[in-house]
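Colleague: I am new to this structure. Please take one part of it, look at it closely, and then show me how the rest is laid out.

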Amino acid sequence: NNAIKEIVTSYPGVDTRVCHPESVAEIARGMPSLVCLLLEFSKGCQRMVLPTDGIALMNFFVQKCVDSLPEELRKYAYAILRWVSVWGTLCDVREGWGAARLKFISEYVKTPVQEVIRILDLLSEVGLVDKWGSNVCRYRVQPALVRRHMIGSWLLCESDGQYKVGAEGKELIKLLLDNNIVVPDAEEIIGALPGVLESYLPSASEASGLMKPLFDHLFSLIEAGNSQEQSKIISMLEKIGRFSPESSLILINHIFNHPKPSAQYVDREDVLQGMASFLGGLAPYVRDLPSANRLMGLLRCIYLEVPDTNDRFNRRRDEIGKSVSAVINNFRGLKIFPDVALNAVKDRLLKGELAKNPFEVFLATQMFVAERTEWEPASSRTIVFKRRPVEFGTQEWERAMFVRTLIHETLKKKGELVEREVLWRLFRVEYQFAHNLMSGFVHVGNPETVVNA
């Protein structure tokens, strides 16, 4: 088509080089979408001149496709593409499900619905928008890498090769939270933002300024509604919580202190379990000791509030215990949580109050877990999980032996019977831990698992 021919035969600027189809893999850097884009550019052409930077290439592609539109339509194209990108898809329907999105875009860009559809049809002809469906036509920005680029260029601005939150991004967040303007499927849009921000920004904290209005909005919703509404807030925090762990901890603490009535099969225990699961996922992003203590304190409150029942169909405390175990034993980042747990156990042992505190008893058992799991990102799209046994002389071994010595010294004091019973049970757990390690019983199987995100 004309847009592709113009791209293949044009010279985009100073920062370019002559590249041949066989050097596509080098330019695309292993990204399948860019490989496809470059190959599409090179159809029927032996030599071409294109930007060698991925971002510049996508800007070049989008600009050429938009320039192929009639001049009177170009001013609407970028706004329409941005909204289609953040939603993922747009349907050509005037009533019923999906009509709200089309109507909103029409009002936002101040042009009739027919013109919006015409622009999308023209963009589908030049390959920027994918169009499919028979009775109802659907549109989406393709490839997915270009869609992500459209969202990123809306939220962020570039300066000297570095990205930071831009004014347009802040305006988008204000628009999503404006009570006077109803943006269709705003929660879906918010859910799509974190992945894009992490692709462009060096750390999650860089986006805290953009996300602050979202945290303030969630805070205003906590005291209203019921357990189902609180569960929705936790689901939203799972998407954006890592951008501000401190704000997330404040929100979770507020939800814990404001129990709400059950609604539509969601009760208080469901909310507590959701909070524990979220805190387990938030732990790798906690960067300081006060926040780590606060997170562990919240897990303690949640653990103690859920009743310990023998009903095999209602083992909520066991599920919450799994989140606590993940924080201590499956860690990444500063690795401060094992020390936080150790200090809590040490404090209760020295005071002779361990039996009265089931959470600290559980923490003590976690000191004697013989297998540990660590995970770290190997690239922007790959996570590597590594499982290993505790080795002699490591910090995990020293912590376990320290707790063992404290238990032994406490037993010598001949305290209350209930306390001694708990300590002897922990001794049995410690014996099994040492026996497994020394006999080589621990078998981690494949020590490394690679997961493509």
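Modeller: Start with A192, which counts as partly exposed because its relative accessibility is 23%. Partly exposed is the range between buried (under 20% relative accessible area) and exposed (over 50%), using a 1.4 Å probe and protein chains only. The model is predicted, with local features taken at pLDDT of at least 70, side-chain atom pairs at pLDDT 80 or more, and totals for chains, interfaces and linings from all residues. Residues are numbered from 1 along each chain as its sequence is written, and side-chain values use heavy atoms, with hydrogens and water left out.

A192 sits in helix α10. Helices here are DSSP runs of H or I with at least four residues, strands are runs of E with at least two, and both are numbered from the N terminus. Leaving out residues up to four places away in sequence, A192 touches V86 and R147. Contact means heavy atoms within 4.5 Å. W87 is 105 residues from A192 along the chain. Their C-alpha atoms are separated by 8.1 Å.

Now step back along the chain. D185 lies in the loop between α9 and α10. Its phi is near 55°, a positive value in a residue other than glycine. Most residues other than glycine have a negative phi. At 35% relative accessibility, D185 counts as partly exposed.

Helix α9 is next. Its buried residues are G169, L172, I173, L175, L176 and L177. Their cover includes α5 (71–87), α6 (99–109), α8 (144–155), α10 and α11.

At least two lining residues come from each of α9 (167–177), α10 (186–200), α11 (208–221) and α12 (227–240). Helix α12 gives the largest share, five residues. The lining holds ten nonpolar, one polar and three charged residues. Ala, Val, Leu, Ile, Met, Phe, Trp, Tyr, Cys and Pro count as nonpolar, Asp, Glu, Lys and Arg as charged, and the others, Gly among them, as polar.

Next, another helix. L123 is in α7 (residues 113–125). L123 counts as buried because its relative accessibility is 0%. Apart from neighbours within four places in sequence, L123 contacts C65, L69, L81, L128 and V129. S68 is 55 residues away along the chain, with 8.4 Å between the two C-alpha atoms. The loop between α6 and α7 holds K110. K110 has a positive phi of about 60° without being a glycine. At 69% relative accessibility, K110 counts as exposed.

Strands β4 (residues 129–132) and β5 (residues 138–141) pair antiparallel over four bridges. Two strands pair if DSSP finds at least two bridges between them. The hairpin of β4 and β5 has five residues between the strands, and G133 there takes a positive phi near 110°. On the other pairing, β3 and β5 are antiparallel and joined by two bridges. L90 stands opposite Y139 in β5. The three strands form an open sheet in the order β3-β5-β4, with antiparallel pairing. β3 (90–91) and β4 are at the edges, each with a single partner strand, so one side of each has no neighbour in the sheet.

Last, the whole chain. It has 453 residues, of which 45% count as buried. It contains 20 helices and eleven strands. Of the contacts between residues at least 6 apart in sequence, 66% join residues at least 24 apart.
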